[in-house]
Each structure stands twice: as C-alpha cells, then as structure tokens.
Amino acid sequence: FHSTNKHSYLYYHPSLMQSFMKKALLTFVFFTIVCIVTTAQTDIISKYKKTSAMIPMRDGVKLYTIVLSPVDAKTPMPILMQRTPYGAIIPIPDDTTIETKLLGNILATDGYIFIYQDIRGKYKSEGSMQIHEPLLHAVKKGAIDESTDTWDTVDWLIKNIPNNNGKAGIYGISYSGWLALVGSVDPHPAL
C-alpha cells in the first residue's frame, strides 16, 4: 500500500506503512484468538467447595464421604467417585472453597463432582473391612459387599448432591481399582 498523496509521511516511507500493516494484522489476529479462547472456556471450573457426609448403607453402616462440588457451575455435572481403603483425606474444613489447581486432578477444570469415600471399616467409616471379599450378594440374599456399598453410595449421591446430572463414574488404581471393578459388577443405573 502506497500513498499517492505527496504530503503524506507514508508516501516517502513505504516501509513504515508495511510495518504498520503487519503490526495491525498481528494485533487483530491476537485479539481474535483471545476472544475465541475466552468465550470457548466459559464453563471451566475454577473453584470447588468441600463438604462431607456419612452415607448410610442398606445394613445401617455409614461410610465417610468427601464431596468436592464445583462452585458456580452453569450446568449439572456428572459425579466421579473413588472409593479407597487408604483414607479419603482432604485436610481442609467443610464448606471451604479451594482453587481447582490445588486439587491436583487434571479433570477438575472439566467440571465433575468429585467423591472420595472411605470403604467400610477404614478411617472414618463405620463397620469392618473384609479384604478382597467375594461378591456375596450374588449368591446370598441380603448380603452386603463392596458392590452393594457402591450401589448404595451412588444411589444416595444422585438423590442428595445438588446440581448433579444423574450420571456417575468410578475410578481407581491399586486397591481402589479393584473396588471400581467390583463396584461395576451389578452397577447402579447411573453408574
């Protein structure tokens, strides 16, 4: 682009005009990208609120459960649960808000309701733990095991945790992975 006006400064310095146009174009592209990114990420969760509950099982035993719920979520969120014998411990008081980055979970910004539960007989949960107990409920009517505890937990969560979308997942590694497997044998419909 060259000016034909002989009184224009850019007429005598066309390289300045090219430099100006490059900077203007780069600025436009930069702000366009920023606008796209910020509007595309409006549902990213930045804070969670910690609460806890003693969830009753079908035999009356209560299991200690930590709930981390997204703060100011715009839509209902799915539940993602980990059951553990290693201690569901998040050392902050209930009703405390925590930054997502402090959770250390890469899924936190995507918007899940995180559940951490002490299994029967461990840490703050009632009852007694039976290590690698077989699935008794399949052969003995009224029996309880890790599968029935998972079913009862998911049922309670879906009915009592606000702003959930009625869907739940379970995960874990090591013993928690085994718990996720047996919890999926006769799953709750939401799982």
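Which elements do the buried residues of helix 4 pack against? I am working with a predicted model here. I looked up the partners and found strand 3 (77-84), helix 3 (146-160) and strand 6 (164-170).

**Entry: helix 4**
I checked how covered helix 4 is, and 7 of its 9 residues are buried. I noted them down as Tyr 175, Ser 176, Gly 177, Leu 179, Ala 180, Val 182 and Gly 183.

**Entry: Trp 178**
I then turned to Trp 178, which sits in helix 4, a run covering residues 175-183. Leaving out residues up to four places away in sequence, I found that Trp 178 touches His 132, Glu 133 and Glu 146. I also looked up the C-alpha separation from Trp 178 to Glu 146, which is 9.8 Å, for a pair 32 residues apart along the chain.

**Entry: the core**
Next I looked up the largest nonpolar core and got 29 residues. Ile 113, Ile 115 and Leu 157 are the ones with the most contacts inside this core. I listed the elements that each supply at least two of its residues: strand 1 (47-56), strand 2 (62-70), strand 3, strand 5 (113-118), helix 3 and strand 6. Strand 2 gives the most to this core, with 5 residues.

**Entry: Leu 157**

Definitions and conventions:
Residues numbered from 1 in each chain as written. Predicted model: local features only at pLDDT ≥ 70, side-chain atom pairs only at ≥ 80, totals over all residues. Heavy atoms only, no water. Helix = DSSP H or I, 4+ residues; strand = E, 2+ residues; numbered from the N terminus. Contact = heavy atoms within 4.5 Å. Buried < 20%, exposed > 50% of the residue type's maximum accessible area, 1.4 Å probe, protein only. Core = buried A, V, L, I, M, F, W, Y, C linked by side-chain atoms within 4.5 Å.
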